[in-house]
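Subject: Structure handover

Hello,

Here is the structure I said I would pass on. Please look it over before reading my notes below.

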Amino acid sequence: MPRRHAGCHCPARNGRRASRERTAHCPPSGGTIRGMDLYFLGAATTVTGSQFLLETGQARILVDCGMFQGGPNESVRNRIPLAYDPATLDAILLTHAHLDHCGLIPHVVREGFRGPIRATAGTIELARLVLLDSGRLQEEFSKREDRWERRHPDRAEADDAKEHAALEAAIELAEAGEQGTAPTAAAASFAARSHETVDDAPTSTLAAPAPAAPGTIRHAQEAAHAEGVHVATSIQPVGGRGRPDPEADLRAAGAELQPDLDAPLYTERDAVESLRGFRPVRYGVEEEVAPGIHATYLDAGHILGSAIIRLRVQDVPGGPERILVFSGDLGRTGAPIIADPTLLGDADYVLCESTYGGREHEPTAEAHRILADTVRLVAEHDGVLLVPSFAIGRTQELVWELDRLVSAGEIPALPLYLDSPMASKASDIYRRHAEYYDAETRALFESGDTPLDYPKQVVVADMAQSTAIAKARRPYMIVASNGMLTGGRVVGHLRNLIDDPAATILFVGYQGEGTLGRHLQEGAKTVRLDGQVRDVRCRIASISGFSAHADEPGLLAWLAGFTHGKRAGDPGFPRRVFLVHGDPGPQAELAPKVAALGLDVHVPRWHEAVTLD
Ligand SMILES: [Zn+2]
């Protein structure tokens, strides 16, 4: 097992280190070179909050700085004190623009980080969209919460107490992770409940909210698939509250920390401010990002600009060099628009995402067949096709697929309403970055085709237009955010179509447990919408083959690339693979299969630190 620094819990949760030099804080035993330290500050046994701190004898960097977006007991993790002093970080390296990878950057900048944030140009543009939206939504949420508390002072007090208890439990859990000890019963209980469905609390002030708005939570929730996260099983008016926790008063009484959990974690202005630190990097070009750390960004095939990050690291000047590979979110080989994930051959340590452990996507041809059949059926019945879709990545790929099917004469060119402002902005960014396209998409553009646009698309600008779609002449199609029916404009369309036998709802992404989307997908005959029971009379269809993530065979094939022609102990054969960005179940399924490749596999706990020799 990797060793922690005996007797030192760095980075302590209030760990304002006086100095960057490790010796000032935590001297290596016997004065020998101890190796660098890696801290798993997020995406450890969960699929959100990606954040890894690498600390060498001469530098300290973060890889990703994402927001937790699970249930309230998980998203409260955004509120615990930072595990490091941001002013001492040399750089933040960002794999891609989804909120659960970049969403804490404005917070960390506000807390004192002044270094560069390195990302591809595509990621920078998308992150701008995502972060400004996140800041704005947090401010709106905070105001809504204030209004609610003023109207319900009695319940507000109990609610605050519950939130502080959750925060305290999260802090305890982080400390247990740092120290390698078992968490207290209360913290463990909270951690376990972070994966539960919260069916009567559509929002939480704890969350620095993982806003249920178009697009911003695309990945977290889509990828939250196995997670059983948070979202209400019914769409309810804002103001529904969680059940009172009988232990809340007791625990809250003992809490020393009383931050204002209703305040935005950061504002839109903070988000704007944080953008100043972004610095573009190019795929495949190695650069020194901090003393002794050289980084290369490689195609991850997940969304536009997404990257695998390969680090060449020297713990101390003149010391041995180690290769660390961070997979980021790995895309599907053969997915449209962007290039496929890069296969690497050598590494000393690999952090590999594990979202789809134990799962296999249907073949692409089958996905195309289902999509074409569904559109034809809708056309034949003068119906409506509603596709809930996350704004960044998925919507662009879906439009691409529909455009291809029309071009091939496989489906009639029904009108297509694109009803997501964020998706439209993201599509503009996709159009501007032809340098990221794969050969197929590039060839289409060169031949005068416009595969990012559908011939009969209508980009919906505002709510009035969105509402007016219901009066349009059938048949037609709507793509609207968000992808799991947990919020956004798609909900308005669902209200109109849920009991319409001529309508079809087509799911193209994973539906998290406990979400309305999952209930429909599993054949619910009735659902609650706006507090009312509604019959489900529309048709429900699903396609899993358009995922933005590699499935288990894809993950294993990518990891196998590190082993080819080598045996354990050979140079370039990974000393250890860390499974991150996955829920416990998928990780448990994937780990033995990784071990079967001959790799030493470890699933780190939240806030675990390991020393890399
Ligand atoms: Zn992602």
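Predicted model: local features only at pLDDT ≥ 70, side-chain atom pairs only at ≥ 80, totals over all residues.

Residues are numbered from 1 along each chain as its sequence is written, and side-chain values use heavy atoms, with hydrogens and water left out.

Metal site. His 96 (NE2), His 98 (ND1), His 302 (NE2) and Asp 329 (OD) coordinate the zinc ion at 2.2 to 2.3 Å. Donors here are N, O and S atoms within 2.8 Å of the metal (3.2 Å for Na, K and Ca); water is not among the atoms, so sites may look incomplete. Along the chain the donors follow the spacing H-x1-H-x203-H-x26-D. His 302 sits in the loop between β8 (293–299) and β9 (307–314), and Asp 329 in the loop between β10 (321–326) and β11 (349–353), 27 residues apart. Strands (E, at least two residues) and helices (H or I, at least four) are DSSP runs, numbered from the N terminus. His 302 and Asp 329 are both buried, where buried means under 20% relative accessible area, exposed over 50% and partly exposed in between (1.4 Å probe, protein chains only).

Cysteines. The search of the whole structure finds zero disulfides, a disulfide being a pair of cysteine sulfur atoms within 2.5 Å. Cys 352 is buried at a relative accessible area of 0%, and Cys 538 is buried at 8%.

Backbone. Most residues other than glycine have a negative phi, and most peptide bonds are trans. Ala 43, in the loop between β1 (36–42) and β2 (51–55), has a positive phi of about 50 degrees. Ala 43 is buried, with 0% relative accessibility. His 581 also has a positive phi of about 50 degrees; its place is the loop between β20 (576–580) and α19 (584–595). The peptide bond from Arg 474 to Pro 475 is cis, with omega near 0 degrees, and so is the one from Ser 481 to Asn 482.

Strand residue. Asp 535 belongs to strand β18 (residues 532–535) and is partly exposed, with a relative accessible area of 45%. Beyond its neighbours within four places in sequence, Asp 535 is in contact (heavy atoms within 4.5 Å) with Ile 498, Asp 499, Lys 525 and Thr 526. The C-alpha atoms of Asp 535 and Asp 499 are separated by 5.7 Å.

Regards
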